[in-house]
Amino acid sequence: MITKEKKRQILENLKEVFPKANLLVFVNFFGLDVAMFRELRRRISSKFGKDAKLTVVKNSLASIALAAAKYDEAQYEKFLKGPTAVFCLLNGDPVDALKLLVNFAKEKKLENFFKGGFLERQPFSSEQAAELANLPTRKELYAMVVGRLQGPIYGTVFALSGILRKLVYVLNAIEEKKKSESVGGV
């Protein structure tokens, strides 16, 4: 049984974290034993450090904290049924975090692991979690943009170098012709 003081501390912590989080994922931890839960926390900690947390919460405390963070009750009430753990990402790539959670659920064959969540304060369902995890990460998107920007530049450089190469060939041919004329004409 959790004391009132402990509940107050948990609630204050949630009220502090929820407004700052760019990703909140509500998961059903039913079926996870202590070792699996510890392993998931270890993976989260090694990937994101102190920027991410997985916390088991009472649904009533999570509801109060979400309301205090100005989330719409109609959007989150369906996530707060049954045993709930909340994954909060404060800094980092949300897609990368979702990939970590989806891969863990697949690896451990956890069914109904996701309840839903909020990505940049926009709600998503449990079915959408896997779809969001398939999106490219922020680094991959940056690489794609840079690649697309470099393509025309490389094309221009290649075209200009081709023109310069042809000019050099023409000048060499003229030089060779003049040499052969001067040698043959003497």
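Predicted model: local features only at pLDDT ≥ 70, side-chain atom pairs only at ≥ 80, totals over all residues.
1. Lysine 20 has a partner: its side chain meets that of glutamate 16 in a salt bridge, at 3.9 Å from N to O. Glutamate 16 has a relative accessibility of 48%, so this residue counts as partly exposed. The general idea is a simple one: side chains of opposite charge can pair when their charged atoms come close.

2. Now for the wider picture. The structure holds 9 salt bridges, and the one between lysine 20 and glutamate 16 is among them.

3. Next, have a look at glutamate 39 and lysine 108, whose side chains meet in a salt bridge of 3.1 Å, N to O. This pair links distant parts of the chain, 69 residues apart: glutamate 39 sits in helix H2 (residues 34–48), while lysine 108 lies in the loop between helix H5 (94–107) and strand E4 (114–119). Lysine 108 counts as partly exposed, because its relative accessibility is 26%. Both residues also belong to a network of salt bridges that links Glu39, Arg43, Glu107 and Lys108.

4. Finally, turn to helix H7 (residues 138–185), where glutamate 175 and lysine 179 are 4 residues apart and therefore separated by about one helical turn. A salt bridge joins the two, with 3.8 Å between the closest N and O atoms. Glutamate 175 is partly exposed at 40% relative accessibility, and lysine 179 is partly exposed too, with a relative accessible area of 44%.

Methods. Residues numbered from 1 in each chain as written. Heavy atoms only, no water. Salt bridge = Lys/Arg side-chain N within 4 Å of Asp/Glu carboxyl O. Buried < 20%, exposed > 50% of the residue type's maximum accessible area, 1.4 Å probe, protein only. Helix = DSSP H or I, 4+ residues; strand = E, 2+ residues; numbered from the N terminus.
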